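Student: I'd like to learn how to read the features of a model like this one. Can you take me through it step by step?

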Amino acid sequence: MTLEEIIKLKLSRLDDIPTAYTNGIKDTQKEIMLEMLDSLEQLKRDDKGNIKRTQANLSIIEDINDDLQKIFKASEYLSLTSVFLKEFDEQAKITDDFFKKAFGEFEVSSFNQKALEVSRRQAFELMAGQAYLTSNLYNPVKNILTDAVVAGDAYGKTVKAISQAIQGGTINGNKLEGRLYRYAKQMAFDTFAVADRGYTNNIAQDLDVQWYAYRGGLVEDSRKFCITRNGNFYHRKEVEAWGDLKQWDGKIPATDNKTIFIYAGGYRCNHSILPNAISATPVDVIKRNIENGNFTPTKAEIEILGL
């Protein structure tokens with residue numbers, strides 16, 4: 001592949017991989033809900049279809065919660081997450097190819113390999129760890145059931161509420177996404193992009209890269225921060241200065257003059273601040289940074305680049 005083909009593949013995967021993962025979760029949510037219907041039948045009801053306000057039903061809630069955890073573990077969710085996390089390594093290979101094509105042969109440091117491993121582990125905890133599942137699936141369902149038993153609510157109404165929590169639905173004309181899908185979608189896009197940009201930035205620092213391109217293209221809801229930078233070239237010091245800017249729409253709070261290379265435009269940003277060889281950087285950009293004091297070219301660079 002050419003360098004430009006590698007770049008396009010690297011950037012397109014920032015959207016394609018999380019999208020494929022979260023689309024799979026939509027189907028998994030439906031399967032989980034179908035399995036849950038049998039478990040919910042354990043609840044005792046009166047002849048009007050209301051859930052009985054009994055101690056037995058409160059105890060049954062625990063059994064249903066146990067069933068939900070078993071159903072979840074038997075679903076495709078963990079398998080989907082495992083496949084998704086493997087894509088972190090595939091993305092790293094594409095990034096390696098990018099650097100070899102743009103800068104020549106290099107060695108991936110043990111630090112960068114470890115950092116990628118940590119990113120994968122963090123992503124798993126955020127999307128499939130016990131704390132995540134308890135907060136976004138088990139407890140919400142348990143709370144709905146507890147409230148229903150205490151209130152003696154209608155069984156049908158309760159099943160619908162649980163269905164909305166697990167697989168989403170429509171409330172007052174507004175579309176509601178299932179809790180797993182909603183939170184996994186947010187985490188998938190951000191963890192994948194951050195891991196990719198972090199891996200890229202670590203290599204760039206090892207190679208002492210000074211020039212960058214803001215790449216990724218624009219979509220309908222692109223933020224002003226990204227619109228003004230998309231497709232443009234910058235010196236490293238110019239990029240670092242962005243981290244000190246005041247709040248912009250979507251900015252991740254931890255963004256500073258170091259992490260800007262990792263967080264870029266913020267939440268759900270599909271842009272990358274890609275390292276760029278000086279020979280592939282527009283002359284006017286180089287001259288701009290000579291004038292602002294960011295860059296002092298050598299005699300050889302002045303001659304070769306025609307500065």
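Tutor: Helices (H or I, at least four residues) and strands (E, at least two) are DSSP runs, numbered from the N terminus, and two strands pair if DSSP finds at least two bridges between them. Keep in mind that this is a predicted model, where local features need pLDDT of at least 70, side-chain atom pairs count only at pLDDT 80 or more, and totals for chains, interfaces and linings use all residues. Residues are numbered from 1 along each chain as its sequence is written, and side-chain values use heavy atoms, with hydrogens and water left out.

Student: Fine. How many bridges join E3 and E4, and in which sense do the strands pair?

Tutor: Strand E3 (residues 211-215) and strand E4 (residues 233-235) pair in the antiparallel sense, over three bridges. Trp211 has His235 in E4 as its bridge partner. E3 also runs antiparallel to E5, joined to it by five bridges, and there Tyr214 stands opposite Ile273.

Student: And how is burial read for E3?

Tutor: Buried means under 20% relative accessible area, exposed means over 50%, and partly exposed is in between (1.4 Å probe, protein chains only). Four of the five residues of E3 are buried, so the strand is largely enclosed by the rest of the structure.

Student: What about the hairpin of E1 and E2: how many residues lie between the strands?

Tutor: Two residues lie between them, and Asn172 in this hairpin takes a positive phi near 50 degrees. E1 (residues 168-171) and E2 (residues 174-177) pair in the antiparallel sense over four bridges, with Gly169 opposite Leu176 in E2.

Student: On to aromatics. How do I read a ring pair?

Tutor: A pair of aromatic rings is described by the distance of the centres and the angle of the planes. Rings of Phe, Tyr and Trp (its six-membered ring) pair if their centres lie within 6.5 Å; planes under 30 degrees apart count as stacked, over 60 as edge-to-face and the rest as tilted. The structure holds 16 aromatic pairs. Take Phe225 and Trp242: the ring centres are 5.9 Å apart and the planes are at 85 degrees, so the pair is edge-to-face. This pair links distant parts of the chain, with Phe225 in helix H8 (residues 224-227) and Trp242 in helix H9 (residues 236-242), 17 residues apart.

Student: Are Phe225 and Trp242 buried or exposed, and which residues do ring pairs link into a cluster?

Tutor: Both Phe225 and Trp242 are buried. The cluster linked by ring pairs is made of Tyr214, Phe225, Tyr234, Trp242 and Trp248.

Student: Which charged end sits over the ring of Phe225?

Tutor: Here's the rule: a charge sits over a ring if NZ of Lys or CZ of Arg is within 6 Å of the ring centre and within 35 degrees of the ring normal. For Phe225 the charged end belongs to Arg229, 3.8 Å from the ring centre. Elsewhere, Arg268 lies over the face of Phe189, at 3.7 Å from the ring centre.

Student: Last topic: empty space. How is that found?

Tutor: Rolling a probe the size of a water molecule over the atoms shows where empty space is left. On a 1 Å grid over the protein atoms alone, a cavity is a set of points where a 1.4 Å probe fits but cannot get out, and a pocket is an open set with protein on both sides within 12 Å along at least five of seven lines; lining residues have an atom within 4 Å of a point. Grid points are joined across faces, edges and corners, and a volume is the space filled by probe spheres set on the points.

Student: Which residues lie nearest the centre of the largest pocket?

Tutor: Gln122, Val194, Ala195, Ile262 and Tyr263 do, out of a lining of 24 residues. The space in this pocket is about 510 Å³. H7 gives the most to the lining, with 11 residues. As for classes, Ala, Val, Leu, Ile, Met, Phe, Trp, Tyr, Cys and Pro count as nonpolar, Asp, Glu, Lys and Arg as charged, and the others, Gly among them, as polar. The lining of the largest pocket divides into 14 nonpolar, nine polar and one charged.

Student: And the second largest pocket: what is its volume?

Tutor: About 340 Å³. Its lining divides into five nonpolar, five polar and five charged residues. Arg268 is among the residues nearest its centre.

Student: How many cavities of 30 Å³ or more are there?

Tutor: The count comes to two. The largest cavity holds about 60 Å³ of space, and H7 supplies the largest share of its lining, five residues.
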